[in-house]
Amino acid sequence: MSDVVEKTLTALPSLLSLDSQPGSAKLSSTSKLGNLIRGITELTSKHEEEKLIQRELASIKEQLSSPNTTMRQMKELMVRAIYCESLGYEASFSYIHAIKLAQQGTALEKRVGYLSVSLFLNESHELLLLLVNTVLKDLQSTNLIEVCMALTVVSQMFPKDMIPAILPLVEEKLNHPKEIIRRKAVLALYKFYLIAPNQVQHIHNKFRKALCDKDPGVMTASLHIYLQMIQENPEGYKDLTASFVTILKQVVGGKLPMDFNYHSVPAPWLQIQLLRILSLLGKNDQSTSEIMYEVLDESLQRAEMNHNITYAILYECVKCIYTIHPKSDLLEKAAKCIGNFVLSPKINLKYLGLKALTYVVQQDPKLALQHQMTIIECLDHPDLIIKRETLELLFRITNGQNVMVIVEKMLDFLRISTDDYTTIDLVGKVAELAEKYAPDNEWFIETMNTVFSVGGDMMQPDIPNNFLKLLSEGFDSEEEDRKLRLFAVDSYVSLLQGEPGKLPQRFLQVISWVLGEYSHLREDLEPVTVLRPLAKLLDMRQTSSETKSWVLMAMTKLCEGRAGVSVAQEVCETYSSSMDTVLRQRAQELQYFSQNSELRARVLHRDTGLEPLEVDSSLSFLDGFVSEALAAGAAPYKPPHQRQEELAQAKALSLEPYGLSLPISMSSCSIADRQSPTLFSMSSGLSGDSTDLSHKGGSATLKLDGVKRLWGREGYLPQKEPVEETAQVEVPSPLRSPNQQAEADSSHSQTPTPTPTPEPEQEKQQLASSLFFGLSSQSSVCLMGKSELAPQRFRRKTKGQGSSSGASDQISNSLISATSAVDNLLCNNLLDSSITPELPVSSSKQTPELSQSLTTANGTCELEAELTDSGIKESNPSLVRNNGLVAADPAPHEDPDRPKDLKTLSSHLPAELSELCHSEITPLCTIQSLDLSACHVQKQDSLVLVVFITNSSDSAIQQILLDLDSEQLEVSCVSDSPVEEVRSHSVAVYQYSLTVKRPSVHVEVVGMVSYQLPVGTPQAMQFSYKLPLTSFIRPLTVSTEEYGAMWLSFSHDTKQNLTLIISDGQEPLTASLNVLTKKLKLHIVEIIGVEGILACRLLRDQPCLMHCRVHAGSLAVWLRSPVPDLPDCLIYHCQRALQEH
């Protein structure tokens, strides 16, 4: 081993070109780098190494600062600095010198300079801007080496903002006569496409030219770009399928030069890339797949050599064959190939076979039956990777019949696993299977207890959250709910009476919540019996503060009776003076509730039949309070991300020149974040709803992330409810007795049953029959990722039509969090205050008809369905007489002769409005013989409110005066001479133009009508008309460049994660944007990959821009506008539009 080290040290200076003179390798003993490496290898501790490196860095810094240092010496110093950085020691002082070396040195010195820069700096480093001019100069150089170095740096790291400056030069290099230049240019464009795809959209045709390049290396480089583009949009490149097939045929046929061979295999990595592209193009497309059949068959036949690289090609072939439209001959050959892998004694091949079988079993579950005994043997394989992949395969074939056996195998592996990643992954899988296929309550609770015990505090937080959500929401059967909760209580009481100190903290939190909520279901269980073990948890040193908070909350719900109050008072005395503010608050709540049983019964009620509450995510019921506070001088609300950025900016020096100062309100984002969204990635900077924030480590700053999530649809850690199956097939529960196992064995013809079988073999066969039970017939197969045919035991309780799915998420999330009693009391009052009393009978009868689409001259115009959902209802009129006398209470809609069909009023619309789309006509108020109704008409540049005054009496009504006003709107009468008299049995029409002066989620027009009857005194009545802000939204048609310029100039913004719509026929992003465009009248400016930009305007001419990005399974939305409240209001309507779809 020492000889190898000595030879390496001897050859290192020549490899790094430390000395260009002949015989430089002999000078390694005096080379400073060689001495440094040799000195480090002789050290015995990390501390000695650190001292040596610090001395070396000080020496390098001193020599770099010297004006007498030559470029040749600078090159050697850079190599030593690279070595120190590779050991983990910072050498930031050398960064600027590396850039100087790349700028001023010779070709050899430039190479070391560029190498140092690429290793030292990242793409966002500020010093990288100093390298732009050097790269531009080298790209225009006639020296091929300099051009290659510049293209290499560009393809590795380059500022995204500087791409437009360098892109034309890189495009020119696609036509360079040297193939190495063309290849590096293609790789540089691939890098540009990854970081800024919109910048290279105009050169897609040049990508096709690179695909047909005469040099195989250039063609291979272009496949990287095509693989990325086809993953995002397969339909757009179907026409290139024949070209890819032709290339693969030439490669497989050995038509490429020998230089591309690897162990006699022609261009293996090129074959793998092409197979991945073909699998994407042929998925769910029979005509395209038929073009590939021949070349796939040839690839399978030729890749028969015994070498690792051929196995990789075979693996990609198998995946491609099972991905595209199936062909029986190819499927048989692929299955044979998988069998050879699985049966191979080599561990690598066996792993590859299991990996392929895991992928294939979703399309062909019977294939697992052919290798069931091999899979059983892999469960006992000494290699842990083989075991883990086998369990992944079993997870894919789990159904209601084999879940108990598979889960038991997974738990056995978890108990011996020491890898954190494996533990986290398998714990999630076991929890998913237990909830989906649990045969009975006892097994489910015991399995989840094992999951919580084995998984510990490493498991994802959504696992205990889902479990508590399942317990709290219940199922279709009330009796099943009670049995499950009772068994959980019994199980957790026994655990607390044992050794709770050995249980993980999250498990203790689950136990505390369950006992606090449901221990009262056991009538023979006294509260003090539960309170005393919970109190002991508080005294344990290993109990965390968060767990203590859960325990105190549970005790608050259980402090009944004299003994219970006594225990509670002892705890209160201990924690009322705690340094932890949360524990102190919980102790105060416990003290108050233990002393006031009436208050506890009212706040912490145990009525399990309550319907879920629908939570107003925008807190619109606080609009009045906010308006009063702002008018009184209160500071406006700032989102968490804005507060954090302002704190960060306050602690740092401001380097902005005074000439470029921005408006104060523009401080919601840093300068770096204020790029055009066409150049911006939303993966960072999202506030509140980003689930990634929960995994970040702690810091010294105040964490405000997640505050707003309490009220939104996403809530704390949003969870998707399992899809409920419509087709239900009765399947017997798993049977474990020997006789029943024998019956199961006899049902499988594939399982061999020889008469003289050793006992271990019999055990394996019985295990195989249990694991693969249900796979022999397609009727009972239920694979992960496919629609389930067997009924699910724990089925979520079906929600009524009146409650949205978001409401259930909110309530469940509020139940499982350790919230205070006051918080729970507030949650119960979070009803949408905008919902007013329902319409009278006469108007409600017309609702089904009026909610249909209106047919106009311009075609079918879809009405705004959200009008009725948003609570746009009439208000009860109050009557006032001008002479001060009080009128009698009105009895609306009691006249049998009065017309009850409001659709007849649409015929009275003015001619210029009759062909436009309008809302349903809503009754406002009624008194005696006078009816007021209204609707609003959507015009391109305005919104017109039309008020109908219907006189159903036999005499005319005179001196009519209609007055409208609004705090949020500007109201102007369209007609110069309004109607002052309504004849008998006729209708008068008033038109008012509405524009928004202060955005709000819903805007309201308040009015008063006064009139004079032929006999009697003057009458007056009030009314109101409420409509959503979306009625004033119009599409804004702009180009991408105009969008970018406008984005930088707007100062008010908001960010939030919304629900992503999953559609079979469309990409999730496209489907979500189409819903927003349809319901909110937005204009899609451009969609690029997983990002989209939209624009709209608020009447009149108040723009708002939207940037959307698919991120972590949700739609990350960023709104920006010059109008202060517009982004917050519009994000509310976006959320409702996606929820109601």
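Helix H15 passes helix H16 in a left-handed crossing, a crossing being left-handed if the near helix is turned anticlockwise from the far one by less than a right angle. The model is predicted, with local features requiring pLDDT of at least 70 and side-chain atom pairs pLDDT 80 or more, whereas totals for chains, interfaces and linings use all residues. Residues are numbered from 1 along each chain as its sequence is written, and side-chain values use heavy atoms, without hydrogens and water.

H15 spans residues 286–302 and H16 residues 308–323; the two pack at an angle of about 150°, with axes 10 Å apart. Helices (H or I, at least four residues) and strands (E, at least two) are DSSP runs, numbered from the N terminus. Because angles over 145 degrees count as roughly antiparallel, H15 and H16 are roughly antiparallel to each other. In this packing, Leu296, Ser299 and Leu300 of H15 meet Leu314, Cys317, Cys320 and Ile321 of H16, contact meaning heavy atoms within 4.5 Å. The residues of this contact comprise six nonpolar, one polar and no charged.

Strands S15 (residues 1083–1088) and S16 (residues 1091–1098) pair in the antiparallel sense over five bridges; pairing requires that DSSP find at least two bridges between two strands. His1083 stands opposite Ala1095 in S16. The hairpin of S15 and S16 has two residues between the strands, and Gly1089 takes a positive phi near 65°.

The whole structure contains 28 salt bridges, each a side-chain nitrogen of Lys or Arg within 4 Å of a carboxyl oxygen of Asp or Glu. One of them joins Glu76 to Arg80, with the closest N and O atoms 3.9 Å apart. Both residues lie in helix H4 (residues 71–86), four residues apart, about one turn of the helix.

Definitions and conventions. Axes are lines fitted to C-alpha atoms, for helices over the stretch in contact, and angles run from 0 to 180 degrees between N-to-C directions. Angles under 35 degrees count as roughly parallel, over 145 as roughly antiparallel, 65 to 115 as roughly perpendicular and the rest as oblique. Ala, Val, Leu, Ile, Met, Phe, Trp, Tyr, Cys and Pro count as nonpolar, Asp, Glu, Lys and Arg as charged, and the others, Gly among them, as polar.
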